[in-house]
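Trainee: I've got a new model open and I'd like to learn how to read its features. Can we go through it together?

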Amino acid sequence: EVDINYVSGNVRIDEIWSPPEDTTRSRSVQALQSYVRMEIPLNFGVISNDNFWITVGPVVYFTLYDNKGFDDAVYSLTDVPTIDSDQPVGLRFRLAAYALISERMYLDIKFDSDIGRNFSFENGVYDARFSLQSVTVGLGWFGRSRPN
C-alpha cells in the first residue's frame, strides 16, 4: 500500500526569543501549516473474524510538499534567526481498524501520530520538528472478490 496524505493545521506563535539586535514587529501570529506526504505503511494485521481486522505498525513518509507556513509565521516576527523545519523523511505510528461492509468494500478508521518532535535554538537556527496526529475515516475496496 502507498498513501498520499494531505495534513494541515493552524500554527500559532505567541512569543519568540530573538537576539537583542532584532526588532520584533509583533508578539503573536497564526499561520496555516500544510504538507503533502507519500506514506508507506509497514503494518502488522490481526484478523478477528472474516468481517473485521486491525493493523498496527510504523509508517514511513516522504514529504512531497511543505507550504512553509510555520517558517513564514516566524519570519513575520523576526528577520534574524534561520528556520530549519524541513522534514523530508519521517516516521509515523498507525493504528487502524477495518470492517467489511460488502463483498468488495470496507470501512477503515485510522489513527496516525508522528514519531519525534523537537524545537530548539542553536547557533542562530530554530530547529523545528512537529508531531502531528490525525484520525481518518475512509472507504476501500478489493479489486476482486476475497477468497473464502
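Trainee: Let's start with D114: does D114 count as buried or exposed?

Mentor: Before that, a word on what you're looking at. This is a predicted model, where local features need pLDDT of at least 70, side-chain atom pairs count only at pLDDT 80 or more, and totals for chains, interfaces and linings use all residues. Residues are numbered from 1 along each chain as its sequence is written, and side-chain values use heavy atoms, with hydrogens and water left out. Now the term: buried means under 20% relative accessible area, exposed means over 50%, and partly exposed is in between (1.4 Å probe, protein chains only). D114 has 5% relative accessibility, so D114 counts as buried.

Trainee: Which residue forms a salt bridge with D114?

Mentor: The general idea is that side chains of opposite charge can pair when their charged atoms come close. We call it a salt bridge when a side-chain nitrogen of Lys or Arg is within 4 Å of a carboxyl oxygen of Asp or Glu. Here the partner is R92, with the closest N and O atoms 2.7 Å apart. That pair links distant parts of the chain, since R92 sits in strand β6 and D114 in strand β7 (residues 105-114), 22 residues apart. Strands (E, at least two residues) and helices (H or I, at least four) are DSSP runs, numbered from the N terminus. R92 is buried too, because its relative accessibility is 0%.

Trainee: How many salt bridges does the structure hold?

Mentor: There are 10. One of them joins E39 and R94, at 2.9 Å from N to O. E39 is in strand β2 (residues 29-41) and R94 in strand β6 (residues 89-100), so this pair ties together parts 55 residues apart in sequence. R94 also meets D112 in a salt bridge, at 2.7 Å. D112 belongs to strand β7, so here the parts tied together are 18 residues apart in sequence. Through shared partners, salt bridges join D3, R37, E39, R92, R94, D112 and D114 into one network.

Trainee: What about the nonpolar residues: how many are in the largest nonpolar core?

Mentor: In soluble globular proteins, nonpolar side chains tend to be buried together. A nonpolar core is a set of buried Ala, Val, Leu, Ile, Met, Phe, Trp, Tyr and Cys residues joined through side-chain atoms within 4.5 Å. The largest one has 12 residues, including V11, F70, V74 and Y126. Helix α1 (69-77) gives the most to this core, with four residues.

Trainee: Which residues is V74 in contact with, leaving aside its neighbours within four places in sequence?

Mentor: Contact means heavy atoms within 4.5 Å, and for V74 the residues are I13, I16 and I83.
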